[in-house]
Amino acid sequence: MNSKERVLKVLRNEEPDRVPLMYRDVPEVRSRLKNDLNLSTDEELFQYLDVDFRWVGPDYVGPKMELENGNRRDFWGVEWKYTKFSDGAGYWNEVDHPLKDVTDPKVLDEIQWPQLEWWDFSKIEEQCDRYADYAIMTNPGIPSPAIFQNPIQPLIGVERSLMEAYLNPEFFMALTEKILEFQVPFIEKMMQAANGKIDFFRIGDDFGTQQGLLMDVDTWKGFIQPGFKAMADTAKKYGAHYYQHSCGAIRDLIPAFIETGVEVLDPVQVKANGMIPAELKAEFGNQVCFSGGVDEQELLPHGTPDEVRTGVHQLLDDMARGGGFIIGPSHNFQDDIPTENILAMYEAAKTWKY
Amino acid sequence: MNDKLSTLAACIEFGKINKAAPYPPQMKGQDGADEITKQLLDEGVAPGDILSDALIKGMEKVGEKFSKNQIFVPQMLMSAKAMQFAMNHLKPFFATGEADRRGTFVVGTVEGDLHDIGKNIVAMMVEGNGYEVIDLGVDVKAEQFVAEIEKNPNCFIGLSALLTTTMANMEKIVSEIKGKYPEQNICIGGAPVTQDFCDKIGADSYNPDPQGVVKFLNSVAVAS
Ligand code: B12
């Protein structure tokens, strides 16, 4: 059984030979793992860990992003700065919100939005063929788009983006429309170029906090759901499955996700309020496949390798039986997670039996 | 009690910012916190009474509902914004000492961390409960807190961290502050932070939500 078959099998709620393995990280972890394991390429690392997924997408060939001050300006016009949290590691964060003072929907017509020509789609099918044995997912970044967290939050600022649907709903809708006018054709072109060979189209947005939802379900249905559905339906025309990411305590939103057509829900942030694996499985297990679940707020950074192994087996006992579960970290592996814990996690997952 | 004070409390509770704001739908077209605060001042109501009988009352309700998950972050932010509009009218009086504040709260998200939604909510709730708030923003280093303590020796410190990777910096900041000012009160919070962690790094108070930190500040502020 190859990786693609294994993943598609759990999606049909059947049990394959072993639980499928997801992987996601920050760049610092990727280079550390390769270094610690004496591997030189990403592909070697994925093979070493037996990761069942591979990622594909178009190449960016648009206007240069690097700025003279060392920052980057992305294709939405947002400037990002690298901020360190320790000597060897850091995160990119936005410096300004270019539309923070724009409240009139008409102004959105005068703005330079990203263009499809800024990407080269010609090599996607070749990438899919190279990884034909694996479950193929859209790359992080614009091939796995969002609406709310990106680009609305960077464009108008996080607080305004949270209040906008209530205080200036016309603007929120107009902005969403502009974003979709670019993103939907982008998805169409990407899927066409892949010739039906992309298995998972991912939307990467966030609607949960540690305690509950970032907004109420009705607002989500009114302002977010239509855009997600438009993007996902576009990808589905080409045979892709709809894989949705949202951090946090999103249990109350799961029925709405299912209604939107979500087939896989990630990353199951188990320490967030109400995100209890066995309960999620019992309540939603025959309607949606879950992906993720290995806690990185406590277990992965602070546990011993033995504790990680026990935690992984417990999680799999709760969630994996009968299919419908892919195991992975509850967010990108962060730089505070020791290499041996990452190795223990994959090893434990591979030795667990259905 | 003045009817307008209760209307103002309701504006804060339900996030009615000003007349132009379309939210909440049931108050559409009515005066909001902005207009009513100004009217109250024009009528000669004391700024301290407006703060304690309307703003703090409204904010307390908001805090309760938020911690019970009855309202969400957007509603919280709109209430806070309504508060800000009201405070803009009151601030000149506080500056001249005509109305008293309970104390000063210096808050920031720790070095390397840029999550600020929660920190801002805490800042707004604390301000809404009668404290002066100095918000140092995100990615704040120990030196910046120390510099602020030198200017405001009795201030409370609030640290927010949303990442396990930046909790280490929270520990570093606490130990630098306590090294110089062992008596300074430091409150901490954020998604991955726990009471155990608070005990371990020697901070004075951990709270999972803004309600708790307000209670803590009030208990210390009253005692001193
Ligand atoms: C929104 C969000 C973002 C936004 C932040 C936008 C912004 N301007 O703040 C963006 C997209 C930018 C982002 C980025 C990242 N994020 Co983020 N993010 C979140 C998310 C979904 C919600 C956080 C939030 O705003 N909650 C809403 C507020 C109201 O809640 P709160 O912050 O917890 O605050 C409340 C309480 O904690 C408390 N409180 C907070 N501060 C204080 C302070 C004091 C003194 C007190 C008393 C109380 C208190 O009161 C608040 C109100 O009730 C969380 C999920 C989660 N479970 O929390 C992930 C989460 C925090 N992010 C995570 C990660 C990994 C990241 C990134 C590192 C991603 C990456 N590159 O890999 C980056 C890092 C950026 C950086 N340098 O900081 C992980 C962290 C995991 C870990 N190992 O710790 C989380 C937990 C998600 C997950 N699945 O695990 N993120």
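Let me start with a definition: a salt bridge here is a side-chain nitrogen of Lys or Arg within 4 Å of a carboxyl oxygen of Asp or Glu. With that rule, the interface of chain A and chain B has zero salt bridges.

Before going on, a word on the ground rules. This is a predicted model, where local features need pLDDT of at least 70 and side-chain atom pairs count only at pLDDT 80 or more, while totals for chains, interfaces and linings use all residues. Residues are numbered from 1 along each chain as its sequence is written, chains are lettered from A and ligands numbered from 1 in the order in which they are written, and side-chain values use heavy atoms, with hydrogens and water left out.

Back to the two chains, then. Contact means heavy atoms within 4.5 Å, and 26 residues of chain A are in contact with 27 residues of chain B. The area buried between chain A and chain B is about 2,300 Å², with carbon and sulfur atoms giving 67% of that. Buried area, by the way, is the accessible area (1.4 Å probe) that two parts lose on being put together, summed over both.

What does the rule find in the way of polar contact across this interface? There are seven residue pairs, both residues at pLDDT 80 or more. A polar contact is a pair of N or O atoms within 3.5 Å; within protein, one must be able to donate a hydrogen and the other to accept it, and residues adjacent in sequence count only if both atoms are side-chain atoms.

On the side of chain A that touches chain B, β4 (79–84), β5 (90–94) and α6 (158–167) of chain A each supply at least two residues. α6(A) gives the most, with six residues. Helices (H or I, at least four residues) and strands (E, at least two) are DSSP runs, numbered from the N terminus.

Now for the ligand, which lies between chains A and B. A residue is near a molecule if one of its heavy atoms lies within 4 Å of it. Of the 43 residues around the ligand, Q210(A), L114(B), H115(B), D116(B) and S160(B) come nearest.

A nitrogen atom of the ligand is 2.8 Å from a side-chain N or O atom of Q210(A), and a ligand nitrogen is 2.9 Å from a side-chain N or O atom of E296(A). From chain B, a backbone N or O atom of G112(B) lies 3.2 Å from a nitrogen atom of the ligand. As for the shell around the ligand, α5(B) gives the most, with four residues.

Last stop: chain B on its own. An automatic or database domain assignment sets the bounds, dividing chain B into domain 1 (3–96) and domain 2 (104–223). Their C-alpha centres lie 25 Å apart, and 17 residues of domain 1 of chain B are in contact with 11 residues of domain 2 of chain B. These two domains bury about 1,100 Å² between them, 74% of it on carbon and sulfur atoms. In domain 1 of chain B, I56(B), M59(B) and M76(B) lose the most area to domain 2 of chain B, together 29% of what that side buries.

How many salt bridges does the rule find across this domain interface? One. The side chains of K91(B) and E127(B) meet in a salt bridge, at 3.6 Å from N to O.
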